[in-house]
Amino acid sequence: MHARSVVAAAIDGVTGELIQSRLTPSHEHIRSWLGELPGPVAVAYEAGPTGFGLSRSLTAAGIRCEVVAPSKLQRPSGDRVKTDARDAVHLARLLRLDEYTAVSIPSIDQEHARDLVRAREDARGDLMRARHRLSKLLLRQGIVYSGGQAWTNTHDAWLRRQRFGSPALQMTYESDYDAVLTVKARRDRLDEAIAVMAANSEFTPIVRRLGCLRGVSNLTALALAVELGDWHRFTGKTIGAFVGLVPSEYSSGQSRVQGSITKTGNTHVRRLLIEAAWHHRARYVVGKTMRERWELASPAARARGDAGNRRLHARWNTFRERRKRHVVANVAIARELAGWCWSLAVLEE
């Protein structure tokens, strides 16, 4: 599947006959070609930038359609020739043998909500880069802020007072400072939209349950809800592997070698879990913010969240006593936090 072309291959399950064709990306054209094949027909294509529109169109027409994970496709190690035609035949053979890993198809509302939280993630990255450009411009001029924490109201007032004798340098500084303000305003607008969605949408119940854990704000909870979708696909043990928080391993015979985490799966979810895990390092105190979140959740969710918070903080203390490196310990906490999030997400109230 490409933006302007589609290469198709079909294998007759009875005779083994191979049929190949080049199609346009039009859903009507693809359905027409499939209609000419002897049924029943099953279709598979790789997940990619073309999205899930074709899958929804074929499913609505009564045609089984699987969207497969490209990273899980089995390819011969000696196969060094890659073309669209060969890939299409390879997909058809894997579909015929049921040797593929399908991705979860989100609903339209879930996909739109996911786009919203990803837009906020993009704004966060853009703001960080804009701030770096501005601070490094000042650093090249020998100007360093020393009045406390950066990017506060006090720091912003200090930035507005900066003046330069060179017109070119002044214009550059104003451009970089304006970029910071513009991106920050965009991020704040997205935060407001996410807060509204978290408070009143189909995702509100799961957001309130996840909010019973420390470090899981409305933004984090909504992002976890829309990125993972159907939580029942996982268990408390498998969700860590899905987000790439389990150690890599290469074991054969009598040797067993484990390395760093795999970092596979959803990068956004993994970053959110690692950031949330740092909150469990400090002493566990049920403060005002946590109590406000608990008031919105059910008693069962509150009890589960409190147990998770106590357990994760105790794990942090254990790692500290063992003098474990903090970054390594935090990844282990994030892996267990993923399991607690799963238990709250599938909690029946």
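This note walks through a predicted model, point by point.

1. **Ground rules.** The model is predicted, so local features need pLDDT of at least 70 and side-chain atom pairs count only at pLDDT 80 or more, while totals for chains, interfaces and linings use all residues. Residues are numbered from 1 along each chain as its sequence is written, and side-chain values use heavy atoms, with hydrogens and water left out.

2. **Overall layout.** The chain has 13 helices and six strands. Helices (H or I, at least four residues) and strands (E, at least two) are DSSP runs, numbered from the N terminus. Along the principal axes, the C-alpha atoms fill a box of roughly 75 × 55 × 50 Å. Of the 349 residues, 40% are buried. Buried means under 20% relative accessible area, exposed means over 50%, and partly exposed lies in between (1.4 Å probe, protein chains only). Take the contacts between residues at least 6 apart in sequence: 61% of them join residues at least 24 apart. A contact here means heavy atoms within 4.5 Å.

3. Strand β1 covers residues 6-11 and strand β2 covers residues 18-23. The two run antiparallel and are joined by six bridges. Strands count as paired if DSSP finds at least two bridges between them. Ile11 stands opposite Leu18 of β2. Six residues separate the strands of this hairpin. In the turn, Gly16 has a positive phi of about 80°.

4. **Asp84, in helix α3.** Helix α3 spans residues 84-97 and includes Asp84. Asp84 has 31% relative accessibility, so it counts as partly exposed. Setting aside residues up to four places away in sequence, Asp84 touches His2 and Val7. The side chains of Asp84 and His2 make a polar contact of 3.1 Å. A polar contact is a pair of N or O atoms within 3.5 Å; within protein, one must be able to donate a hydrogen and the other to accept it, and residues adjacent in sequence count only if both atoms are side-chain atoms. Asp84 and Trp316 are 232 residues apart in sequence, and their C-alpha atoms are 49 Å apart in space.

5. **The β5–β6 hairpin.** Strand β6 (residues 255-261) pairs with β5 in the antiparallel sense, over five bridges. Two residues lie between the strands of this hairpin. Gly253 sits in the turn with a positive phi of about 65°. Tyr250 stands opposite Val257 in β6.

6. **Glu249, in strand β5.** What does Glu249 contact beyond its neighbours within four places in sequence? The partners are Arg256, Val257 and Gln258. Glu249 belongs to β5, residues 247-252. Its relative accessibility is 47%, so Glu249 counts as partly exposed. The Glu249 side chain makes a polar contact of 2.8 Å with the side chain of Ser251. A polar contact of 3.3 Å links the side chains of Glu249 and Arg256. Glu249 and Gly259 are 10 residues apart in sequence, with C-alpha atoms 6.0 Å apart. As background, side chains in a regular strand alternate between the two faces of the sheet.

7. **Helix α10 against helix α13.** Helix α10 (residues 267-278) packs with helix α13 (residues 326-345) at an angle of about 110°. Their axes are 8 Å apart. Axes are lines fitted to C-alpha atoms, for helices over the stretch in contact, and angles run from 0 to 180 degrees between N-to-C directions. The two helices are therefore roughly perpendicular (65 to 115 degrees). From α10, the contact includes Leu273, Ile274 and Trp278. From α13, the contributors include His326, Asn330, Leu337 and Cys341. By class, this contact has 11 nonpolar, two polar and no charged residues. Ala, Val, Leu, Ile, Met, Phe, Trp, Tyr, Cys and Pro count as nonpolar, Asp, Glu, Lys and Arg as charged, and the others, Gly among them, as polar.

8. Beyond residues up to four places away in sequence, His268 touches Val117, Glu121, Ala223 and Glu227.

9. Trp151 has a phi near 60°. Trp151 is in the loop between α4 (108-140) and α5 (153-160). With 30% relative accessibility, Trp151 counts as partly exposed. Arg323 has a positive phi of about 55°. Arg323 lies in the loop between α12 (299-321) and α13. At 76% relative accessibility, Arg323 counts as exposed.

Conventions: Angles under 35 degrees count as roughly parallel, over 145 as roughly antiparallel, 65 to 115 as roughly perpendicular and the rest as oblique.
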